[in-house]
Amino acid sequence: MSMFTRIFAGACVVASAISTSAMAKDWQVEMLNFGEQGPMVFEPAYIHAEVGDTVTFVPTQPGHYSQSDHVPEGQEAWQSKLNQPYTVELTEQGVTLYHCPPHLVMGMVGVIQVGEANNLVEFKEAYEALRERISLNPERVDAIVEQVQ
Ligand SMILES: [Cu+2]
């Protein structure tokens, strides 16, 4: 490989990395004691993102963290730390279900849809199981899940 080819190839890698990051969006999901939908919420609780986007969980108010339940095949599961911001890279299409462990009973649940909902059957099964552990406002969480298209 000549010096020129090497430099040219390197420049292409840099250029494509820049164009990818310029298009990708970082979604900010706030973790709140009280939001527009009531107590103990992720806001927004439903997002429709694209592959390559990231989601950052922001500890706007203390006492929360985020843990994935069902993720699309290939997507890395996660568990963030209490009161710490945490960023998830969305690498696969499909729907992800997550919750805040201390406030699951209060319906602190969120959904990330990436592209098409190609894992809807498995997602709904995971949601049915999770829903049994929600004792306050399960209807609020149903409304989040129903936004999946
Ligand atoms: Cu919480």
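Strand E2 (38-43) and helix H3 (138-145) each contribute at least two residues to the lining of the largest pocket, where helices (H or I, at least four residues) and strands (E, at least two) are DSSP runs numbered from the N terminus. The structure is a predicted model, in which local features need pLDDT of at least 70 and side-chain atom pairs count only at pLDDT 80 or more, whereas totals for chains, interfaces and linings use all residues. Residues are numbered from 1 along each chain as its sequence is written, and side-chain values use heavy atoms, with hydrogens and water left out.

A pocket is defined on a 1 Å grid over the protein atoms alone as an open set of points where a 1.4 Å probe fits, with protein on both sides within 12 Å along at least five of seven lines, and its lining residues have an atom within 4 Å of a point. The largest pocket has a volume of about 190 Å³, a volume being the space filled by probe spheres set on the points, which are joined across faces, edges and corners. Its lining comprises 16 residues, of which Gln37, Phe42, Ala45, Arg140 and Ile144 lie nearest the centre. E2 gives the most to this lining, with 4 residues.

Two strands pair if DSSP finds at least two bridges between them. E2 also belongs to an open sheet of 4 strands with mixed pairing, in the order E2-E1-E4-E6. E2 and strand E6 (86-89) stand at its edges with a single partner strand each, so one side of each is left without a neighbour in the sheet. Within this sheet, strand E1 (residues 26-35) and strand E4 (residues 54-58) run parallel and are joined by 5 bridges, and Trp27 has Val55 of E4 as its bridge partner.

The axes of helix H2 (residues 120-131) and H3 come within 12 Å and cross at roughly 170°, where axes are lines fitted to C-alpha atoms, for helices over the stretch in contact, and angles run from 0 to 180 degrees between N-to-C directions. H2 and H3 are therefore roughly antiparallel to each other, a term for angles over 145 degrees. Their contact (heavy atoms within 4.5 Å) is made by Phe123, Lys124, Tyr127 and Arg131 of H2 and by Pro138, Glu139, Val141, Asp142 and Val145 of H3.

Definitions and conventions: Parallel < 35°, antiparallel > 145°, perpendicular 65-115°, else oblique.
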